[in-house]
Amino acid sequence: MKTVPAKTILQKNKTSDWFGNDYNMNLYRGCCHGCIYCDSRSECYHVEDFDTVHAKENALTILRDELRRKIRSGIIGTGAMSDPYNPFEAQELLTRHALELINAFEFGVTVITKSDLITRDIDVYKDISEHSPVLCKMTVTTTDDSLAALIEPNVSLPSERFEALAKMAENGLFTGITLMPTLPFITDSAENIKSIVKTAHQCGVRCIYPWFGVTLRMNQREHFLCELDKRFPESGLRQRYESFYGNRYKCTSPNSRELWRIFTEECEKFGIIYNMKSIISAYKMGYGDMQMKFF
């Protein structure tokens with residue numbers, strides 16, 4: 001596959017407020033999932049040829065050296081800009097070998113993906129959890145496989161993602177869902193939110209973090225609107241977005257307050273955590289402070 005030069009793999013985060021991540025790791029650049037709403041294709045990220053996946057050159061060597069230099073372990077998050085389980089990962093194994101390095105240097109990890117390929121690496125996640133916190137998350141925007149095939153065409157269907165979550169939970173891993181984006185006029189129904197929470201509970205999911213809207217900015221906005229025309233012809237969705245939101249960056253669902261009420265009630269009913277601070281505390285519980293480690 002194609003590669004791009006890389007000087008670093010780990011980026012130190014200014015805060016650990018986002019799922020407790022101390023570092024961010026992207027082994028790949030670009031994504032071929034084809035999700036019509038993806039924020040990562042926005043102009044501000046300067047990712048050329050976004051729909052083509054590139055591996056970062058010498059990623060594992062760079063990661064090993066960076067981990068070796070750290071005197072304090074922490075939590076490494078992956079999946080923010082490029083899915084670590086894109087189709088090429090099945091052969092490239094960059095993510096699996098990176099997890100093995102993370103395990104060897106006793107760091108923790110949070111991962112977010114839309115691919116059931118993550119279940120291949122359950123053994124490594126379990127090994128990491130022996131010494132450090134692990135949080136395995138899947139993005140789920142709908143439980144409707146046919147709708148997902150329109151808005152997320154090249155990834156595992158929601159039913160397959162839920163099966164993966166159930167398998168990870170059965171293996172003792174702390175699992176979660178990022179319920180975002182919620183597309184106004186498409187997935188922002190009470191029925192959809194209830195279905196996601198109920199199915200998550202049935203699969204042993206411990207936490208769900210939502211946002212009831214979608215972000216749209218330069219490059220991403222025009223791509224999204226064009227895809228609405230292609231995938232929902234004669235629906236008037238493009239015109240509805242343009243009329244309701246104009247050029248806004250944050251396009252919050254008109255139903256957001258009601259959806260939040262329904263969501264929280266369902267989560268409380270099933271014992272699912274949804275507050276960020278509580279999520280971080282829960283998956284880190286029992287590990288104490290990340291210890292100083294000198295290599």
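Predicted model: local features only at pLDDT ≥ 70, side-chain atom pairs only at ≥ 80, totals over all residues.
Student: Which are the edge strands of the open sheet of 7 strands?
Tutor: Strands (E, at least two residues) and helices (H or I, at least four) are DSSP runs, numbered from the N terminus, and two strands pair if DSSP finds at least two bridges between them. The sheet has mixed pairing and the order E2-E3-E6-E7-E8-E9-E10. Each edge strand pairs on one side only, and these strands are E2 (10-12) and E10 (207-210).

Student: Which residue of E8 stands opposite threonine 113?
Tutor: Strand E7 (residues 108-113) and strand E8 (residues 134-139) run parallel and are joined by 5 bridges. Isoleucine 112 stands opposite lysine 137 in E8, and the residue opposite threonine 113 is methionine 138.

Student: How many of the 6 residues of E8 are buried?
Tutor: In a regular strand the side chains alternate between the two faces of the sheet. Here Val134, Cys136 and Met138 point one way from E8, whereas Leu135, Lys137 and Thr139 point the other way, and all are buried (under 20% relative accessible area, with exposed over 50% and partly exposed in between, using a 1.4 Å probe and protein chains only). E8 is therefore largely enclosed by the rest of the structure, the number of buried residues being 6 of the 6.

Student: Around the axis of H4, how many degrees does the arc of the buried residues cover?
Tutor: In helix H4 (residues 122-129), the buried residues are Ile122, Val124, Tyr125 and Ile128. The arc is that of the directions from the helix axis to the C-beta atoms. These residues lie on the same side of H4 because their arc covers only 165 degrees.

Student: With which side chain does the side chain of histidine 131 make a polar contact?
Tutor: Histidine 131 lies in the loop between H4 and E8, and because its relative accessibility is 27%, this residue counts as partly exposed. A polar contact is a pair of N or O atoms within 3.5 Å; within protein, one must be able to donate a hydrogen and the other to accept it, and residues adjacent in sequence count only if both atoms are side-chain atoms. At 2.7 Å, the partner of the histidine 131 side chain is the side chain of asparagine 103.

Note on methods. Residues numbered from 1 in each chain as written. Heavy atoms only, no water.
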